[in-house]
Amino acid sequence: MPISQLRDEPPTIKGRHHETRARGLRHFAGLTRDDQPLDPFELARYANLLVAPFEAVEGLTAETREHLLGPGSEMWSGGAASIALPNGQKLIILNPKHSTLRQRATLMEEISHVFLGHKPSRLAIEQKGADGQTRARDYNAAIEEEAYSTGAAALVPYVGLKGYVEQGKTSAEIAKHYGVSRPLVEYRIKVSRLWDSYKENIFRNSK
Ligand SMILES: [Zn+2]
């Protein structure tokens, strides 16, 4: 029997689609177990992506810069340049005003875009809500969903998540373990259809 048939798989077709790709990313990052946290910054280096500081972006007026880091800061989380640098690296910028946890999730999504072969036609800017999920425009909603979902599954893989849920770990504990935000873990619990089990187990644990 192939090993894939012995693995515990997400219950939905969509979930399995994202999980398969996420597993590829984790494998690429050299991870062998589902309880290992993934460092997107390290993975970016393997994937030949250059995460440049915002200050390195040239050609912005002082006014634009102030807006992007000030009042406009909640409106964007990161971006990827469509044209590779002369050395073949692809450039990614992250919003320096966002927390490290948000930056990690954004970077993971950018890596997923590259890994999945999504081609931005320009400097693609990610717009996100406070929960970290992309508020995508209609024309690219499917692509954004695939990148976000794959990135989230790479950060919090199904088998590892299910194990912690069954142990009665809280979303905060799981988030801390994987180096992600609590909303990202809760999103993963929901799309993995583990929410009922999660509630039951943390309730049992708190008694
Ligand atoms: Zn995106």
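View 1. The structure holds five aromatic pairs. One of them joins Phe54 and Trp76 in a tilted arrangement, with 5.6 Å centre to centre and 40° between the planes. Rings of Phe, Tyr and Trp (its six-membered ring) pair if their centres lie within 6.5 Å; planes under 30 degrees apart count as stacked, over 60 as edge-to-face and the rest as tilted. Because Phe54 lies in the loop between strand E1 (49-52) and helix H4 (62-69), and Trp76 in the loop between H4 and strand E2 (78-80), the pair ties together parts that are 22 residues apart in sequence. Helices (H or I, at least four residues) and strands (E, at least two) are DSSP runs, numbered from the N terminus.

**View 2. The aromatic pair of Trp195 and Tyr198.** Trp195 and Tyr198 form a tilted aromatic pair, 5.2 Å centre to centre with 40° between the planes. Both residues lie in helix H10 (residues 195-206), three residues apart, about one turn of the helix. Trp195 is partly exposed at 26% relative accessibility, whereas Tyr198 is buried at 5%. The charged end of Lys190 sits over the ring of Trp195, 4.9 Å from its centre; this term requires NZ of Lys or CZ of Arg within 6 Å of the ring centre and within 35 degrees of the ring normal.

**View 3. Helix H9 and its packing.** Buried residues in helix H9 (residues 182-191) are Leu184, Val185, Glu186, Tyr187, Arg188 and Ile189. The buried residues of H9 pack against H2, H5, helix H6 (141-155), helix H7 (158-166), helix H8 (171-178) and H10, where contact means heavy atoms within 4.5 Å. Just after H9, Arg193 adopts a positive phi of about 60°.

**View 4. The crossing of H2 and H5.** The axes of helix H2 (residues 13-28) and helix H5 (residues 100-115) come within 11 Å and cross at roughly 100°. H2 and H5 are therefore roughly perpendicular to each other (65 to 115 degrees; under 35 is roughly parallel, over 145 roughly antiparallel and the rest oblique). Axes are lines fitted to C-alpha atoms, for helices over the stretch in contact, and angles run from 0 to 180 degrees between N-to-C directions. Arg21, Gly24 and Leu25 in H2 meet Met108, Ile111, Ser112 and Phe115 in H5.

**Notes.** Residues are numbered from 1 along each chain as its sequence is written, and side-chain values use heavy atoms, with hydrogens and water left out. In this predicted model, local features need pLDDT of at least 70 and side-chain atom pairs count only at pLDDT 80 or more, while totals for chains, interfaces and linings use all residues.

Methods. Buried < 20%, exposed > 50% of the residue type's maximum accessible area, 1.4 Å probe, protein only.
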